Amino acid sequence: MDSKSIICSMIILSWWSLSFAEDVRVVIQGATSIAKTDDNFVCVTLDWWPTEKCNYNQCPWGKAGLFNLDLNNKILANAIKAFNPLRVRVGGSLQDQVVYNVGKVRNCTPFEKKDDGLFGFSEGCLPMDRWDELNQLFNRTGALVTFGLNALIGKKESKTARQLWVGEWESENARDLMQYTISKGYKIDSYELGNELCGTGVAARIEAEQYARDVIALRELVNELHPDPKTQPKLIAPGGFYEEKWFNTFLEATGPDVVDGTSHHIYNLGPGDDSNLIIRIQDPFYLSQIAQTFKDVSNAVNKNTPWSGAWVSESGGAYNSGGKDVSRTFANGFWYLDQLGMTATFNHKVYCRQALIGGNYALLNTTTFIPNPDYYSALLWHQLMGSKVLAVSQDVSPNLRVYAHCAKKKPGVSLVLINLSKFSSFDVTLSNDENLHTMSRRLRSVETNSGFKGYQKREEYHLTPKDGNIQSDVVLLNGTPLKLTDSSDIPAMNPKLVDAYAPITVAAHSIVYVTIRDFHAPTCA
């Protein structure tokens, strides 16, 4: 065969592969839910990092840290308001070096570079006028605030054990801040004590039994200052990386009705400068490896603190501020939405994305505040995916990730379909398995193989990258680029209505949200 024939054959083969989609049947089990999230499952973080925070010869935080952020920026306010409400976790690596300029704290200085300081910085101080400004933003936008308290106040580094901090937590500075906050009428939804101090820690660590005593002290303080259970802030801990023995010891030692949320952190994509980052994000087998951690945390909560719920209180995918040309792009949505779907199936209540703004992994551009693709994906999840999680399955391709929930605030179900494949598209039909698992396999087989036949038009939201480039920071909704309005408002995201009898077409390298109003799932009624 000559070279012209080979080229012609390759063109025909490529055309054929792009012209035909794989048929996939997705089975949704709507009789019962398998898990439940908080109504405000999607959460974002605001971090303390100063401008001098640098990794890999770049300093991507700019003026996005809590001390420097322009709190009067209109886009920032509109981005938060669009969620109505958005859960915001205030914290991060430097929170255990933040003191509050209230009570006996008089000398208030910002973070400074310090070679022997934790994470290379000195202690920093939060002035109350800045705390006022932050709360004014939260009040204007209706944010639900989780505030991370300094857990190292009163402690000293051990002289015999590396990175171990010992001693009792001194609560006076936290008490003064909380009393000031109450006097101003500011509402805090929850407090979290410490950041990445559990297990082997990152820059510092606390033994599990001591951490439990500190958390109990904070619970007593919260109960004292907020005696009304209806308005009492929740208590979240420990906010670090999961290690089985440490977590079990901590949760057993805290005892009943102390912790309301058991929080852990996830950075499962590796360092931000890893050249394989873009490959990992598209690898279904790599993405699934973290599932065991979510399952283990959920099991630990069920065993030790069944009254509480599991939280991911910080997750940025790639650590050290994310990947420069990946974490802010459309491609990152493959990882992010898969994380939301996966954690929800393992009964996690909240998932906090690092960060709303700052670093390479931000939902908003650090300089312009213009939303990156993952912002719109997060907003659609918040608007469409209800709290009840449904079992869903397909066995055609691991590149098609599918998650299903009861629809939010309306009848029916909502799905998100994530196509990790660069070459394959999928035509998806749905089957409705309404049977309880106690029924016979034969009956279930008859029902699930019959297929779902809807009558109302489906609501579909197809997200694709500009020019087909998954490393673009522009996302298209149903073929139209999403961009701010002339008044800097978040644009309306309207679905396209599709005939109920047509399959759901999921293009290569795309993300599709679907809501089906007449899908009969008894648990969603």
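Predicted model: local features only at pLDDT ≥ 70, side-chain atom pairs only at ≥ 80, totals over all residues.
Phe241 is placed in the loop between β11 (234–240) and α6 (244–254), and together with Phe119 and Val202 it forms a nonpolar patch on the surface, with about 210 Å² of accessible area for the three residues together.

Across the whole structure, 20 salt bridges are found. One of them joins the side chains of Arg213 and Glu168 (3.7 Å, N to O); Arg213 lies in helix α5 and Glu168 in the loop between β9 (165–166) and α4 (172–184), so this pair ties together parts that are 45 residues apart in sequence. Arg213 counts as partly exposed at 43% relative accessibility, and Glu168 counts as partly exposed at 45%.

A further salt bridge, between the side chains of Asp338 and Arg401 (2.9 Å, N to O), ties together parts that are 63 residues apart in sequence, because Asp338 lies in helix α10 (residues 332–345) and Arg401 in strand β18 (residues 400–407). Both Asp338 and Arg401 are buried. The side chains of Asp374 and Arg353 also meet in a salt bridge (2.9 Å, N to O), with Asp374 in helix α11 (residues 373–384) and Arg353 in strand β16 (residues 348–353). Asp374 counts as buried at 2% relative accessibility, and Arg353 is buried with a relative accessible area of 0%.

Definitions and conventions: Residues numbered from 1 in each chain as written. Heavy atoms only, no water. Patch = residues over 30% accessible without salt bridge, like charges linked within 9 Å, V, L, I, M, F, W, Y side chains within 5 Å. Areas by Shrake-Rupley, 256 points an atom, 1.4 Å probe, with all protein chains shown as cover. Salt bridge = Lys/Arg side-chain N within 4 Å of Asp/Glu carboxyl O. Helix = DSSP H or I, 4+ residues; strand = E, 2+ residues; numbered from the N terminus. Buried < 20%, exposed > 50% of the residue type's maximum accessible area, 1.4 Å probe, protein only.
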